[in-house]
Amino acid sequence: DEYVQWRSGPGTLQAARERTQSRPLPDGISVETVDPQTPARDMQKLDSLTQTCEVLLPAGRFMRGLERPATCVMAKTASGDVVATAAAVAQRHPVHGTDQSVWWGMLATAPAHRGQGIGLTLGAHALLAMADKGYAAFFTGIRSGNTPSETLCAKLGFASSDHFDVIAIDP
């Protein structure tokens, strides 16, 4: 698979702050952050949602922040259904030249909840959570032609670059 790498800009964190302050989640939807105590059933719901949206998440130890600094936020209904998610992982090795640039995104929203701005708001929460951990540079990958993702990322100050992410998996 191949993705165009989009990178955050100087206004990204301000755009994220403005988004979280001006656009609360719809009634009946709450935000929860994945941590080491998040129940396995919630991790399974998160995985199920992202797979139906063709979004691949890192291993649970990364999502829980046990391997590297990370955040994963999920939107849940009052009945406990996971309807959206966003995440960020400082995945690069600490001595790598770009170790302060964080992989952000992994945005997924259940079809019945799309069009309400939940993904954009959760994405903003994930950016701010990583900023609270000392990070200010972010990148994500978008498949060429994925206009909805490009539009969402642009609203948070991301722009396409001349770099690509290529993923090859041998089953």
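This briefing covers helix α2, the sheet it lies across, and strand β4 within that sheet. The model is predicted. The sheet is open and has 7 strands with mixed pairing. Helix α2 lies across β2, β3, β4 and β5. Strand β4 is mostly covered, with 8 of its 8 residues buried.

**The sheet**

- The strand order is β2-β3-β4-β5-β6-β1-β7.
- The edges are held by β2 and β7 (159-166), each with a single partner strand, so one side of each is left without a neighbour in the sheet.
- From one strand to the next, the twist averages 25°.
- Strands of a sheet pair through backbone hydrogen bonds, in either the parallel or the antiparallel sense.

**Strand β4 and its partners**

- β4 pairs with β3 in the antiparallel sense, over 7 bridges.
- Within that pairing, Ala 86 of β4 is the bridge partner of Val 73.
- The hairpin of β3 and β4 has 4 residues between the strands. Gly 80 in this hairpin takes a positive phi near 95°.
- β4 also pairs with β5, again in the antiparallel sense, over 5 bridges.
- Here Ala 88 has Trp 104 of β5 as its bridge partner.
- Val 89 stands opposite Trp 103 in β5.
- In a regular strand, side chains alternate between the two faces of the sheet.

**Helix α2: geometry**

- α2 spans residues 40-52, a run of 13 residues.
- The distance from its first C-alpha to its last is 18 Å, close to the 18 Å expected at 1.5 Å a residue.
- The helix runs at about 90° to β4.
- Glu 54 follows α2 and has a positive phi, near 60°.

- Which residues of α2 are buried? They are Asp 42, Met 43, Leu 46, Leu 49 and Thr 50.

Note on methods. Residues numbered from 1 in each chain as written. Predicted model: local features only at pLDDT ≥ 70, side-chain atom pairs only at ≥ 80, totals over all residues. Heavy atoms only, no water. Helix = DSSP H or I, 4+ residues; strand = E, 2+ residues; numbered from the N terminus. Expected span 1.5 Å × (residues − 1). Buried < 20%, exposed > 50% of the residue type's maximum accessible area, 1.4 Å probe, protein only. Pairing = 2+ DSSP bridges. Axes fitted to C-alpha atoms, helices over the stretch in contact; angles between N-to-C directions. Contact = heavy atoms within 4.5 Å.
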